[in-house]
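Have a look at it first, then read on.

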Amino acid sequence: MNLIIQDLKKTYPNGKAALNSINLNIGTGMFGLLGPNGAGKSTLMRTLATLQLPDAGSIYFNEIDVMKDPMALRRILGYLPQEFGVYPGLSAQDLLEYFCVLKGINSASDRKRIIEYVLELTNLTEVRRQAVSRFSGGMKQRFGIAQLLLNNPRLIIVDEPTAGLDPAERNRFLNVLRQVGTESIVIFSSHIVDDISELCNQFAILNHGEILKNGDPTQSILDLTGMIWERNIQTHEEAIYSHEVIRLSSKYHPDNSKVLRLFASKPPDNMCVPAQPHLEDVYFLEMHRSNDSEQNTAI
Amino acid sequence: MTGTIFLFELKFWLKNPATYLYACIFFLLAFFSVAGAAGLFQEDISHQIKVANAPLAIYVLSNLAFKLMLFVIPSIIGSSVSREFQHQVHSLLYSFPLYRGSFLTAKFSAAFCILSLFWICLISGSMLGALVPGLQPDLIQPVEWEPYFKLLMVYLLPNTLLVSLMVFLINILSRNQFSGFVLVILLMIIREIGLRLSADIDPGTLALVFEPFAESATSFITRNWTLAEQNSFPVPLSSDVILNRIVYLSICGLMAVLSYQHFHFHQDVKSISQVLIKRKNSLNSIKQEQKKHTIFPQFEYGSGLIFSLQQIWKLSSYELKSILKSKAFLLVLLFGCILGFVLQSQINTPYGIKVWPLTWVMLVFPVLFFKLFIAFVSFFYAGIIINKPRLEGMFCLIDVTPVKNRVLIAGKVLALIKLQILILSSLMISGVTVQIVNTYYDFEIHHYLFDLYCIHLPEMIIWGIAAIFIQSIFSNTWFGLFILALLFFGVAELTLIGIEQFIFRFNQNPDPGFYLQYSDLSGYSHSLKAYFIYKLYWLIFSGILMMLALLSWKRGRIFAGTEHLKNIRIRLQRRPAFILLFLCAGFLSLGIWINFQEGITLVPFGEKLEIMEKESDKKWSHLESLPQPRIIDVMVKMDIFPEEHRFQSSGHYLLVNRSEVLIDSILIRTSHEVLTDFSVDKPYSIILKDTVARLNVLKLDCPLYPGDSLILHFSLKSIANTLFHKNNQVEKNGTYFTSLIYPTIGYRTARMDRKANETGARDNHYRSFDSDYISLDLLLSTSKDQLALAPGYLTESYSENGRNYFKYVSKSPVTNDYAIVSGTFKLHKEKWKGTELEIYYDSEHSYNLDHMILGLKKTLDYQDTHLSPYQHEHIRIVEFSRSLGGFAQSFANFMPFSEISFVMNIQAPNKKGLNLPFLGASHELAHQWWGMQAIPADVEGYKMITEGLAEYTSLMVLKKEYGPEKALEFQKKALQTYLAGSRNMESTEPALMYNQGNEHAFIPYQKGMLAFNGMAGMIGENCLNEALKSYLQNVKGKGAPYSTTSDFIEHLLLFTPDSMRYLIHDMYESVVFYDNSIDSVVVDSVSDGTFELNIYFSIQKYSLNEKGEKQFFKDFDVIDKSPAQPDLLLQDYIPLGIFKSSTYDDPLYLSLIKVTSRYNHIRIKVAEIPHRIELDPRMYLIDINSKDNAFRMAEFKFHEN
């Protein structure tokens, strides 16, 4: 099972290039798409979900040429957009029935079993008679998962699903996603690095419509071994380094002191201590490089 | 802060393209209405004198525009309230330190400014429309600011404010923009009810103030305006209008306060149920997750056509369910039931008579307004169904499912149809309820089902699909609704711009006879098939619309127009293109075929017939004076085949040369409704045959000498009905037609304006022009289950070859006109002094037999006492199908009545409402005298004698039977009808005795009745009856020259005192109106225990000149005496009555008062304090406003001496 994206391009009428020759090859399992707000994640997700047309490029899922036959993809697609609403007043049960019909599940008994299954999986069985429009944020996201699962999809696209969820909700949600992600391709976008590192066996970093990095998160972290450094400084202090040293992030301690995370092939100075690389470091490094190159081209 | 929000809002609206679209439409609407009415499109409107931009005309236009505005208001106001929620910025915005008051004021006033802008557009449109060069100068007034300003301040802005505030409040309460729609529908219904309440002659202040837009309060005053007044007067500010404005502006204030109180800067409006659910939810989320690990259940995807159909059905059910979940729709449905109930229980004929709640009655009468209701609900919900997925943000879930676009759209259309079915059912529910309430238990459910779902539903479906199309194109419910409203009202007006053919008039039902006049006797008759063909035609068109909607369906996210076009290109593959082409071809070819079929007019009608007649008259009018033999004997055999909708007939005329010259050419005209063959019994040759005029000239080999006779043989047969045209009057039951189908002798032009003094004008009476009196011999046959009836005496009846035969002959000379009726009837029989009274009626329609019989008997009593005996031995009333009309006619001893008279629901005499079957029977019977004993010449004014006197007779009989107050009710109705007709005259109103033609029926009927009643009141009923008797004796049984209205007036003059002769001039020879009122009354108590009443009253009397301007009769002492115009001198007798109680019994005082000036004062001593003092209490005069004629003592301030 693999999803091949070739030379995907999209420029909006306002001139913003949202996708700039995207090439990706995604296999079974969880695929995380990282990127800051406005990077083009949602555009890519919507294009994959056949919600909008690219200007150029092609998408293949196994044998399916998605540009030519979007219906074929829709049969095996589950999509949870960043934001969605539902018809007010209709219960979860009603809405799932409705989506079952939309997804082409013919027999009433099939529908019944499937709805029971997804409700249970998403832990919504108890509230199935309540109006979804009045659900809390987490319940609504779980309903979103329930509806996407109805056709037992091979390709699942979830766009920033954890935004706005409290930690308990988020955990519950990610667990559900983990369960369903074993037999299909799950594309998961987030700007929260932890989501990706907890779940994904593949990932890509997207910025300004371009793929900055694409690969295995574990390998990417390993690649940085010995190149990540930490230094504690006081708030008022300034730490100045040469170009070879890249400042990745900084965190405050409760005592108002700051921890700088730095990237350098050798120790920047004796104040720094080596640190375990995280996926976050990979992300910040790529972001830094991308912004740098942009500045260079600007000059 | 207020200013900032206000400007922000204003900017928002000014950036919105919809604002400009609405503004443009209002501008263009006004511009073209005014310019059009002033002759921009038409060449010849010189006969009109209605000024296009008179204040009243602009007011009427603005009322129409207000109907459109009703649908704009919720869109603008609603959006200003709900926008924050929709775009989900409310949580952000509401956290700012805003004051409720300033926030609301700013939002509301910005939206209201935009609405006012539309009115400015309307006003500037109507101003500029009047400035277009090349308009008819008489039809345009100079443009002034003042009337427009007044219109804006008194009507447009307050009404808009009222509706806006209501919408604002309801939006704040519900936080649902669409609740505004429900409100608008409710307001429309209230307006409709208000207008109905105020249609009465004296509706009372409450009824006038009730209607929220002051439309009825205003039309109540303007309805009595003359054309000149309509052209020049400003829209009046009557006390009712002002009161109405005050009441509704206070309601506005209340709305504003409520809006303020109920608006909160909260995230959500919480209802109790919601709060409870929240609590439950939180309980749930605490519960531990327990999962059964199972594998995903097996399932199969559906495919194929059957699956698609199942999918469509289910999707439509969910769409419907989501609509039914909203309270708004339930409210709409409830309104539907209430509206249906109100309309159905109010079913009245023009005279305010209720009709029995038969099933067809329940269905036919309310359908017009109800259709409007369903159409608008469909327009609106089409928008909801189409736009909801985007509005609620669910489209991104729906659009990624593998559902086909066509299935999705078909599901939506089906949901809308189901919705329409639901609303139509409410008409059935309310209908059955009305029937139960009226103790009518014969529920014809099958008839309800057929009428609602087979006849009306297709029409609604066609509108529904159009709505789906428009809404999917515009993607904005309110704007789509507005466009659809424009289409809906516009299609009905297409004829105005010259589009007459129904193949171009979307979803309209063609005429004539296409109104689907259901009859209990003959069912839907001929029109049903043609109706369905038209509906099929528009359904194919709807198919095209569906295909277009499908091709341009927006799925997913579309960011640019080019992308949308790309989508359409991708979708336009071979199959859809082929289907589209196929539908277009089907639509076009069916259209061409319909047009061709419509063109087959075997029997000319309408305009075509008029043109033919004009052409013939131009060519042949000189033949009118050619001496012709007269018919003296008619012998006809008529075979009717009801099931086959045809007849055939043969017969002969015996013609005699009554002139003093030799006649060698016979002119024979045949009817265009039948195919006729003829021959005469003497050698002849046909020297001319004009097929357009249907005129044949026969040249006799030997001329006909004076006194010689000739026999004309003829045979004729009916023309078969074609698909779109009913060519003969044969129904399967209740057939009715008249002798107009038989050939006539001589040429008679169609003109109506024959003057009494023209040569030969008095040679013919009005009933037929080729004979005086004849003897009539009819042999009728019909199918074995039916009776055939005609004037004359039944001398023979027998059955032969499975058909029934009836022979009718006249015993005394009758006129050469008769009618023939065939149907399955029951007979009701009674006797009056040896005269047989018979009613032949449908077995289900026995409701009013007693009323009709009573009407006959009482009329016989009255006429026998006051005039002369009835001339025949029988009176027969026969019912005919209402699909042939709703009238009654009178022939020698034979009176066909439409079915409608048989199903009226007559209230007890003490209740309001007239006994129309009683009056109808009386009126038609009176024609046996007025029209058959006295037969006036066929010259101007003859209907004054026939219809005026028949109507007067029925009034007198009514008064005798039911008392003067019932008679007054009848008079009031007549006065109302007359004044309305008189007001709507587009040219100068002719005097009663000179009125011509059939166009202004209110003159001979209503004014005739009022004039005769007025005369009877002023000179005495006996005196008038003596005059009538004298005239009747003088003309009865006489041949040519026949009498005219002048002859009649001579007899009337003989019995009128000199001092009252002015009445004859006022009532018969000219058109005169009064506007009388009692201004005040002061009571002095006198020492002997009596009271002296000082009554101050004013009398205004006027006639109208050619321009429609009032010419007042002047006071005796102010008139310029030298070149006096004696007919404009006020010197009148005015009746004055003083009454003890609310009735007219035992007046304390009732007398005529001589009046010579406008303002008058009179002292009258009475023994007790009266209930009221009333000018002209019995309505002898034509007073344009009778409301101020009475002074009730309850209003009176006592004045002790």
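## Starting from one phenylalanine

Which residues does B:Phe26 touch, leaving aside those up to four places away in sequence? The list runs to B:Ala65, B:Phe118, B:Cys121, B:Leu122 and B:Gly125. Keep in mind that this is a predicted model.

The largest nonpolar core has 398 residues, and B:Phe26 is listed with A:Phe31 and A:Ile187 as having the most contacts inside it. Helix 3 of chain B, residues 55-86, gives this core its largest share, at 15 residues.

## Chain A at a glance

Chain A has 299 residues, and 47% of them count as buried. Its secondary structure comes to nine helices and 14 strands.

What about contacts between residues at least 6 apart in sequence? In chain A, 69% of those join residues at least 24 apart.

## How chain B is divided up

Chain B splits into three pieces: domain 1 (2-41 + 48-268), domain 2 (302-599) and domain 3 (1071-1201). Where domain 1 of chain B meets domain 3 of chain B, the contact takes six residues from domain 1 and eight residues from domain 3. On the domain 1 side, that works out as three nonpolar, two polar and one charged.

## Where the two chains meet

Between the chains, 40 residues of chain B are in contact with 46 residues of chain A. On the chain B side, helix 12 (272-286), helix 13 (304-324) and helix 17 (395-398) each supply at least two residues. Helix 13 of chain B brings the largest share, with seven residues.

## A closer look at helix 7 of chain B

As for burial, helix 7 of chain B has a run of buried residues in B:Ser179, B:Gly180, B:Phe181, B:Val182, B:Leu183, B:Val184 and B:Ile185. Further along, B:Arg191 and B:Gly194 are buried too.

Terms used:
Residues are numbered from 1 along each chain as its sequence is written. Chains are lettered from A and ligands numbered from 1 in the order in which they are written. This is a predicted model: local features need pLDDT of at least 70, side-chain atom pairs count only at pLDDT 80 or more; totals for chains, interfaces and linings use all residues. Domain bounds come from an automatic or database domain assignment. Two residues are in contact if their C-beta atoms, placed from the backbone, lie within 7 Å. Ala, Val, Leu, Ile, Met, Phe, Trp, Tyr, Cys and Pro count as nonpolar, Asp, Glu, Lys and Arg as charged, and the others, Gly among them, as polar. Helices (H or I, at least four residues) and strands (E, at least two) are DSSP runs, numbered from the N terminus. A nonpolar core is a set of buried Ala, Val, Leu, Ile, Met, Phe, Trp, Tyr and Cys residues joined through C-beta atoms within 7 Å. A residue is buried if 20 or more other C-beta atoms lie within 10 Å of its own, exposed if 12 or fewer, and partly exposed in between; C-beta atoms are placed from the backbone.
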